Each structure stands twice: as structure tokens, then as C-alpha cells.
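Subject: Structure handover

Hello,

Here is the structure I promised you. Please open it first, then read my notes beside it.

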Amino acid sequence: MKVNNKAIKIAVSNQKGGVGKTTTVLNLGAALAVNNRRVLLVDCDPQHHLSNWLDWEADGKPTTSDIIFSTVTKQNVDFKNCIRPCEKEKFDFIPSINLLAGMLGIIAADDNSSTVISRIFENDYFNENYDYIIFDCQTALDLLVTNVLNACDKLLIPVQADLLSYEGVEQMLDSFMRIKKDTDIRKYLLGMLVTMYQTNTRHSATIYNALKESYNDLVFNTYISYRTETKNSVGFHRSSVSDCKSVVGAQYIEAAHRIMEESENA
Ligand SMILES: Nc1ncnc2c1ncn2[C@@H]1O[C@H](COP(=O)(O)OP(=O)(O)OP(=O)(O)O)[C@@H](O)[C@H]1O
Ligand SMILES: [Mg+2]
């Protein structure tokens, strides 16, 4: 049964690198799937870390770049053929390859260059088959990320529990809202999720509290702890959610509950 008439599209983005974007996409996807939501993850990063994490290897079928190219050049796309099921995590994904970096010029040549990704994912195929579509973005705020932000109903910002990440938040929110002009931030921003929280120092708590003080309920109550098991989970090609003993897995499941409460039938 579908929880909403349309798939809820979430961009996971932060202009800073290495803050836990891909980890968040993977684990939230797994957490929503555990809750019987039908989930599609879309790798929109030319570095394709999400695809690597899922142990995907080139299979001759279309990737994100091919879908973008076909859309701009007005060719038909067989969406079903672009989807790979991930049996272990019970979600689907569309992989990316480094050729995606070269798609910026193709997107820029489109008459309506900021809506290429929107046009792809407003297709009935996606709305009929998924409850959630989550996009993994690269670090730069370029035309590709602008496209993803425009295509999405919601934005989730992972913020690493360190001072440099904290100091960049205000400027980053300004940049996002400049792209999504005329959008109510409280409706668009699903929240900021504090990641890599270290309980053995005071530093993480200071950053978390400062964020809460400035942005209140725009910050998830749940934070994601720094755990070696999560760092190593890349090598095992699994989410932390799939490990029932994982603290980080349980935290992502808690974060997914807030997302389901806030975004379904809103
Ligand atoms: N909760 C965590 N505990 C321990 N390590 C983590 C945690 N979350 C992420 N990491 C590790 O931190 C590094 C960066 O995480 P990730 O790749 O998710 O960030 P990113 O924002 O997607 O990076 P990029 O900007 O390169 O795309 C990775 O090595 C990842 O395994
Ligand atoms: Mg990443």
C-alpha cells in the first residue's frame, strides 16, 4: 500500500565534504525500508560512493548520467531498466559513474536547465512505485545539485559535530534558500541531522547544543554517533541499520520515524 499519492523526494545535501551525506542516504533508505516503505536511492554524485558502498559494478544498464542525457536529448527512457534492486537492504537504487561530472554541460544546454532532474522524477513510474526517493548529492552547489534541490520536496542536511561544520551552517542555509526562492524553509527543510557525534569529548555536545539553540526543532533530537563499526561498514557493503546491534543503525531508525511522522500525509 502506498503511504502517499506521490513519492516523497528528499535531497541529502551539504556544501561541506565528508560530513556523512552518503552514510545518511544509505542508512535512512535502509531504515525506511525496514518500516515497509518502498524506497529508491539515487546516486547523483560523480564520485559514486553510494554505488561503491552497494558493491555495484558496471552492468551495461543505464545510470544517472544516461537518464539525464536521454531526457535532455528528448529520448524515451525505460525507467524500469535503470533500477537495481538491493536485496540485502530491501530498497532499490540508481547508480552513478564518474561520467556524471561531464553531464553538467549537457544539463546547461537544456532550455530549462534547472528542471532536468524534476522532469525525470515527476514521471508516474516513480510516484506509483515508491514512497520515498532519496538523492545523494555531491559537495559542490553546482547545476546538478541545484537540479536535485529543485526536484525535491524536502531537504535533509547532515551536519558533522565539529566547529567548522557548525560555522558554515548559516551561509549554507542562505545558499539553499536562494536556490529554492519563495519556499517556506520550515516546510522544505526536513531538518539538520548531527552526525559523527563523539560521546567521549565535550566538543560534540557543545556543537549539538549550539545548533539546537539557534535552530530549535529544525535540528533532529536524534544525533548519529561516531562509531568504528559504521566507518567499517563500507567495506562490508552493508548499512548499519542491517546490523541489529548497531547503535548508529538504531539512531537512523529513530531519525526515519521523525521523517515518516513529518512528511507522510502532511
Ligand atoms: N556515524 C559515523 N561513524 C563513523 N564513521 C562515519 C560515520 N558517518 C560517516 N562516517 C565515515 O565518514 C566518512 C565520510 O562519510 P560520507 O562518505 O558519508 O560523507 P559524505 O558527506 O558523503 O562525503 P563526500 O563529501 O565525500 O561525498 C566515511 O569514511 C564514512 O564511513
Ligand atoms: Mg558522499
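This is a predicted model: local features need pLDDT of at least 70, side-chain atom pairs count only at pLDDT 80 or more; totals for chains, interfaces and linings use all residues.

Residues are numbered from 1 along each chain as its sequence is written, chains are lettered from A and ligands numbered from 1 in the order in which they are written, and side-chain values use heavy atoms, with hydrogens and water left out.

**The ligand**

Ligand 1 has 19 residues around it. K21, T22, T23, T139 and S225 come nearest. (A residue is near a molecule or strand if one of its heavy atoms lies within 4 Å of it.) By class, the shell holds 5 nonpolar, 10 polar and 4 charged residues. (Ala, Val, Leu, Ile, Met, Phe, Trp, Tyr, Cys and Pro count as nonpolar; Asp, Glu, Lys and Arg as charged; the others, Gly among them, as polar.)

Now look at the oxygen atoms of ligand 1. One is 2.5 Å from an N or O atom in the side chain of T23. A backbone N or O atom of T22 lies 2.9 Å from an oxygen atom of the ligand. For T139, a polar side-chain atom lies 2.9 Å from a ligand oxygen. On its own, ligand 1 has 630 Å² of accessible area, and the protein covers 87% of that. (Areas come from the Shrake-Rupley method with a 1.4 Å probe; for residues, only the protein chains shown count as cover.)

Which elements give two or more residues to the shell around ligand 1? They are α1 (21–34) and α12 (228–236). (Helices, H or I with at least four residues, and strands, E with at least two, are DSSP runs numbered from the N terminus.)

**The strands**

Strand β2 (residues 39–44) pairs with strand β4 (residues 91–94) in the parallel sense, over 3 bridges. (Two strands pair if DSSP finds at least two bridges between them.) V42 has I94 in β4 as its bridge partner.

Strand β3 (residues 84–86) runs antiparallel to β4, and 3 bridges join them. Here P85 is partnered by D92 in β4. β3 and β4 form a hairpin with 4 residues between them. In the turn, K90 has a positive phi of about 65°.

**Two loop residues**

H48 is not a glycine, yet its phi is positive, about 40°. H48 lies in the loop between β2 and α2 (49–53). D55 is also a residue other than glycine, with a positive phi near 60°. D55 lies in the loop between α2 and α3 (64–72).

Best wishes

Methods. A polar contact is a pair of N or O atoms within 3.5 Å; within protein, one must be able to donate a hydrogen and the other to accept it, and residues adjacent in sequence count only if both atoms are side-chain atoms.
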